[in-house]
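Please read the numbered points below alongside the coordinates; they take up strand pairing, charged side chains and backbone geometry in turn.

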Amino acid sequence: MIDHKNIDTSELKIAKAPWNLTGKGYMLLYRFNKKEISNDKFLSEKFKNSFCGGFGALMAVDYEQSNAGPYGELLFIPGKFRYGNKKKHTISKIYVSTIDSIFNGKENWAIPKEYADSKFISDPQKEDLIEFRSDNKIFFSLKIKPGFISFPVNTALLPFPLVQESEGKAYYTKFTGSGWGKFIKIKEIYIDAKMFPSLCYKKPLTAIKLAPFNICFPEAIIEKIP
C-alpha cells in the first residue's frame, strides 16, 4: 500500500475539489445482513457496529477524463451506517490505477485509495472484461454481457452520501451523476478475498453497465468525528 503522505508531490497533478469525471463503469447492487457485514475484514469495528441496512455496491469504473487525468477504479460500499445523527455510506475498500488519484482522493475526501493496475475491454460483439492486478497478479476479474436496451440513470434515484474518516476528522461528500445504463449478465467473476471483499458467493440484486456517464464530486464538508 502506498502512503500518500510519503509521495513526492513535486511530480503530481494536484487537483482540488470539485471534480468532474466522465467515462464508463459497472455497478453491482447488493443488500447485506449484519452477519455478512461483521465478516467484512476491510471495515472497521465502529462501522460494523453501526450498520443499518440499505444498498451496498461494487463499482468498477474506467474514468476517461477527470481533474487528475484518466484512471481505473474498483471500490466497495457495504451499505448504510448510523453516523452521529445521520445515515451515511462509506467506502471500505478502493483501488485506483494512478498515484495522482490516490493522493488527491485522500487529500480532498479522505477516500482510502490504494494502487492497482486496471484493464477494461469492451467489445459490442463480445463480452466485456474488467481486471485489476497487484504485483502483476490478478485479484479481481469480471466478465459481463451487456443488454441491448439503454435507459437513463441518475444518482437522484439511488444516492450514496459518503462519510470517510481521517486524522480525527469526518469528510462528508455527496456526489451526483447521470448517464445511460444497460442491464448486464455476469458471465464470470473472480475475487481474491485477501485483496477485496469476496462477493462471488452472492448474487447481486441488479447489475448495470453505465456508458457514457458523468459524475461530480464536490468539495467535502469536514467536521470533527462525532
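Helices (H or I, at least four residues) and strands (E, at least two) are DSSP runs, numbered from the N terminus. This is a predicted model, in which local features need pLDDT of at least 70 and side-chain atom pairs count only at pLDDT 80 or more, while totals for chains, interfaces and linings use all residues. Residues are numbered from 1 along each chain as its sequence is written, and side-chain values use heavy atoms, with hydrogens and water left out.

1. Backbone phi. Asp135, in the loop between strand S9 (128-134) and strand S10 (137-146), has a positive phi of about 55° although it is not a glycine. Asp135 is exposed, its relative accessible area being 78%, where exposed means over 50%, buried under 20% and partly exposed in between (1.4 Å probe, protein chains only). Ala110 likewise has a positive phi, near 60°, in a residue other than glycine; Ala110 belongs to the loop between helix H3 (99-109) and strand S7 (114-115), and at 7% relative accessibility it counts as buried.

2. Cis peptide bonds. The bond that joins Ala17 and Pro18 is cis, with omega about 5°, and Pro18 is placed in the segment before S1. The peptide bond from Ala211 to Pro212 is also cis, with omega near -5°, and here the proline lies in strand S15.

3. Strand S1. Of the 12 residues of S1 (residues 19-30), 10 are buried, so this strand is largely enclosed by the rest of the structure. S1 runs antiparallel to strand S15 (residues 206-217), to which 10 bridges join it, and two strands are taken to pair if DSSP finds at least two bridges between them. Leu21 has Ile215 as its bridge partner in S15. S1 also pairs with strand S2 (residues 56-65) in the antiparallel sense, over 9 bridges, and there Met27 stands opposite Met59.

4. Salt bridges across the chain. The structure holds 9 salt bridges, each a side-chain nitrogen of Lys or Arg within 4 Å of a carboxyl oxygen of Asp or Glu. Lys202 forms one with Glu36, the closest N and O atoms being 3.1 Å apart. This pair links distant parts of the chain, since Lys202 is in the loop between strand S14 (176-191) and S15 and Glu36 is in helix H1, 166 residues apart. Both Lys202 and Glu36 are buried.

5. Helix H2. Which residue forms a salt bridge with Glu45? The partner is Lys48, with the closest N and O atoms 3.5 Å apart, and both residues lie in helix H2 (residues 45-48), 3 residues apart, about one turn of the helix. Lys48 counts as buried, at 17% relative accessibility. The side chains of Glu165 and Lys46 meet in another salt bridge (2.5 Å, N to O), and that pair links distant parts of the chain, Glu165 in strand S12 (residues 162-166) and Lys46 in helix H2, 119 residues apart. Glu165 is partly exposed at 30% relative accessible area, and Lys46 is partly exposed at 37%.

6. A further network. Salt bridges also link Lys119, Glu131 and Arg133 in a network.

7. Lys34 and its surroundings. Lys34 is placed in helix H1 (residues 34-38) and is exposed, with a relative accessible area of 63%. Its C-alpha atom is separated by 7.9 Å from that of Lys48, 14 residues apart along the chain.
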